[in-house]
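User: Please take me through this model in short questions and answers. I would like the numbers with their cut-offs.

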Amino acid sequence: MGIPVVIIRGILESGKTSFIIDALKNGDFGDLGKTLILSQEQGEVEYEESELKSLKANFVNIESKDEWKDSFINDKIREFKPHVIFVEANEMWDFDSLSMPSYFDVQQVMTIIDGTTFPQYFNNMRQKFNDMIKASDIVIINRCKPTPETSGFKRSVKLINQGCAVLA
């Protein structure tokens, strides 16, 4: 049995960091014990060290695809001894091409999409969007109010991945 891993995918500044912070604060995933956040970007919202400490979480920013290696991740596992890992995945890295350590037990893959930019990304980066959504268990469309347009967003996601849950 490996270390439980939750993968949070999304385009830059879609709300991944805020989602992770809120989930840890609210106990949305239960009592996780020690959490390690492996992040592939530093977006608009940053992790506060004091806040992470109170949440029993550690943050490691991985600067480049070249740094995403088993040896680097193994060092961080030994250093922090996490009970669970959150991977904050920047889709511009072609996340699906990265190998995961064999002991990663991926429990859930979530995609966060900013509803205010959904049409632009969906129309102009269709393949990247499709790849994200196909691999997701849950798709969260945030920063939007229920409208006929957002209903269309949900339908578009379901056409790509019928099995995922879509929250908007």
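**Surface, fold and cores**

The protein chain exposes about 8800 Å², and carbon and sulfur atoms supply 48% of that area. Accessible areas come from the Shrake-Rupley method with a 1.4 Å probe, and for residues only the protein chains shown count as cover. This is a predicted model: local features need pLDDT of at least 70, side-chain atom pairs count only at pLDDT 80 or more, and totals for chains, interfaces and linings use all residues. Residues are numbered from 1 along each chain as its sequence is written, and side-chain values use heavy atoms, with hydrogens and water left out.

User: In what order do the elements of the protein chain run from the N terminus on?

Analyst: Helices (H or I, at least four residues) and strands (E, at least two) are DSSP runs, numbered from the N terminus. The protein chain has six helices and seven strands. Their order is β-α-β-α-β-α-β-β-α-α-β-α-β.

User: What is the radius of gyration of the protein chain?

Analyst: The radius is taken over C-alpha atoms, and the globule rule is 2.2 Å times the number of residues to the power 0.38. For 168 residues that rule gives 15 Å, and the chain comes close to it, so it is as compact as a globular protein of that length. The C-alpha trace spans about 50 × 30 × 30 Å along its principal axes. The radius of gyration is 16 Å.

User: What percentage of contacts in the protein chain, between residues at least 6 apart in sequence, join residues at least 24 apart?

Analyst: Contact means heavy atoms within 4.5 Å. Among contacts between residues at least 6 apart in sequence, the share joining residues at least 24 apart is 77%.

User: How far apart are the mean positions of the positive and negative charges?

Analyst: Lys and Arg count as positive and Asp and Glu as negative; His and the chain ends are not counted. Each charge is placed at NZ of Lys, CZ of Arg, CG of Asp or CD of Glu. There are 19 positive and 25 negative charges, and their mean positions are separated by 4 Å.

User: Which residues touch the most other members of the largest nonpolar core?

Analyst: Buried means under 20% relative accessible area, exposed over 50%, partly exposed in between (1.4 Å probe, protein chains only). A nonpolar core is a set of buried Ala, Val, Leu, Ile, Met, Phe, Trp, Tyr and Cys residues joined through side-chain atoms within 4.5 Å. The largest core has 20 residues, and those touching the most other members are Leu38, Ile85 and Val87.

User: What is the relative accessible area of leucine 38?

Analyst: Leucine 38 lies in strand E2. Beyond its neighbours within four places in sequence, its contacts include Val60, Trp68, Ile85 and Phe104. Leucine 38 is buried, with a relative accessible area of 0%.

User: Is lysine 76 buried or exposed?

Analyst: Lysine 76 is found in helix H3. Not counting residues up to four places away in sequence, it touches Leu36, Val60 and Lys81. Its relative accessibility is 18%, so lysine 76 counts as buried.

User: Where does lysine 56 lie, given its positive phi?

Analyst: Most residues other than glycine have a negative phi. Lysine 56 has a positive phi of about 55 degrees although it is not a glycine. At 45% relative accessibility it counts as partly exposed. Lysine 56 lies in the loop between helix H2 (49–54) and strand E3 (57–61).

User: What is the phi of arginine 143?

Analyst: Arginine 143 is in the loop between strand E6 (138–142) and helix H6 (148–160). At 44% relative accessibility it counts as partly exposed. Arginine 143 is not a glycine, yet its phi is positive, about 55 degrees.

User: How far apart in space are glutamate 46 and threonine 17?

Analyst: Glutamate 46 is found in the loop between E2 and H2. It counts as exposed at 51% relative accessibility. In helix H1 (residues 16–26), the buried residues include Thr17. Glutamate 46 and threonine 17 are 29 residues apart in sequence, and their C-alpha to C-alpha distance is 7.2 Å.
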